[in-house]
Every structure is written in C-alpha cells, then in structure tokens.
Amino acid sequence: VLEHAGRYYRFESEIEARPGQLLRGLAALVSDELGPVWFEHRRIATGYQLDAYSAGRRYRTRAADRGGWYDVAAFVGLVNGMLVDGGSEWRLGLVPTGDRTSAVVAGPGSAIGAARRLGLIGKAAPGDGMAVGMGTHGQ
C-alpha cells in the first residue's frame, strides 16, 4: 500500500548509485511537503558533505564513510530536518528489511510513531543493510 502510494522507497545499502540519487529518492517520498529541492554532494575525507537547497535555505550534514555503504541515517536525517524546519508534520522512518537493502517510509510523524509502538513496523538501525551485506548482522 505504501509503495503504491509513493511513500515507500527500498534501495541497495551498498553504494551503487550516486548520493544525489538517494537524496532525490528520499525527497520524492515527501515532495508535496518539501516543494522544489536541489541537492549537492561532495566527497570529503570522512565521507560525504550533503547539501540541500529549498525555499531559499541551505541545509547541510555529513554522511560518514562506511566503507562503500550508505550512512542511511544521515541521508534520512537531512530530509527530516528540512521537514521539521518547514513546519511539516511528515517524517521519514527507516524500516528493517533483513537483507542488504534499506527501506524508508514516509507519513505523518504521529502515524510512523504509532506504527512502531504497535509493532506494525520496526525501528531499523542505520547500519542494518551494511551488517547483513558484510555477514555481521546480529553479531
């Protein structure tokens, strides 16, 4: 249901695409809340610097270098920060997949929180996809 509604995004946790593609995919989940957004990224010694521009503002965060794996929490955090700053009630949430992929859902923050409390969705750790891919999940 969430995927059909455009509110679910699953992707490889191992970096196969450019970071800008991941940012655009996450922003698309909440495009009606964010409006037009422009993303930039650049490689730095410790990973990536991620910049987003929206409504005349710049948002910046750093994503750690995880040895070829996305720092998914940093990417999600950047978009969530933009949502909060824009006064939106919507949020992105990480959903555990149990494999090398990561999944993100979008919805009203209260609904995502309620779904977690009811056990309908779990709370994923940022490195779950990486741990499964490297064979260290659950260790």
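The legends below describe a predicted model, first as a whole and then in close-up views.

Residues are numbered from 1 along each chain as its sequence is written, and side-chain values use heavy atoms, with hydrogens and water left out. Local features need pLDDT of at least 70 and side-chain atom pairs count only at pLDDT 80 or more, while totals for chains, interfaces and linings use all residues.

View 1. Helices (H or I, at least four residues) and strands (E, at least two) are DSSP runs, numbered from the N terminus. Along the sequence, the elements follow the pattern β-α-α-β-β-β-α-β-β-α-α. The protein has 139 residues, and 40% of them count as buried. Buried means under 20% relative accessible area, exposed means over 50%, and partly exposed is in between (1.4 Å probe, protein chains only). Contact means heavy atoms within 4.5 Å. Among contacts between residues at least 6 apart in sequence, 47% join residues at least 24 apart.

**View 2. Helix 1 passes helix 3 in a right-handed crossing.** A crossing is right-handed if the near helix is turned clockwise from the far one by less than a right angle, and left-handed if anticlockwise. The contact is made by P19, L22, L23 and L26 of helix 1 and by F75, V76, L78 and V79 of helix 3. By class, this contact has 8 nonpolar, no polar and no charged residues. Ala, Val, Leu, Ile, Met, Phe, Trp, Tyr, Cys and Pro count as nonpolar, Asp, Glu, Lys and Arg as charged, and the others, Gly among them, as polar.

**View 3. The axes of helix 1 (residues 19-29) and helix 3 (residues 72-85) come within 10 Å and cross at roughly 45°.** That angle makes helix 1 oblique to helix 3. Angles under 35 degrees count as roughly parallel, over 145 as roughly antiparallel, 65 to 115 as roughly perpendicular, and the rest as oblique. Axes are lines fitted to C-alpha atoms, for helices over the stretch in contact, and angles run from 0 to 180 degrees between N-to-C directions. Helix 1 is mostly covered, with 8 of its 11 residues buried. The buried residues of helix 1 are P19, G20, L22, L23, G25, L26, A27 and L29.

**View 4. M82 and N80 are shown in helix 3.** M82 counts as buried because its relative accessibility is 3%. Leaving aside neighbours within four places in sequence, M82 is in contact with L34, V37, F39, A52, S54 and Y59. One of these, S54, is 28 residues from M82 in sequence and 8.2 Å from M82 in space, C-alpha to C-alpha. N80 also counts as buried, at 15% relative accessibility. Not counting residues up to four places away in sequence, N80 touches R91 and L92.

**View 5. D71 lies in the loop between strand 4 and helix 3.** With a relative accessible area of 7%, D71 is buried. Its contacts, neighbours within four places in sequence left aside, are R62, A63, A64 and R66. D71 and G47 are 24 residues apart in sequence, and their C-alpha atoms are 8.9 Å apart in space.

**View 6. S88 lies in the loop between helix 3 and strand 5 (90-95).** The relative accessibility of S88 is 8%, so S88 counts as buried. If neighbours within four places in sequence are left aside, S88 is in contact with E33 and L83.

**View 7. A55 lies in the loop between strand 3 (47-54) and strand 4 (57-64).** A55 has a positive phi of about 50°, although A55 is not a glycine. A55 counts as exposed, at 77% relative accessibility.

**View 8. G113 lies in helix 4 (residues 109-117).** G113 is buried, with a relative accessible area of 19%. From C-alpha to C-alpha, G113 and R91 are 9.7 Å apart in space, and they are 22 residues apart in sequence.
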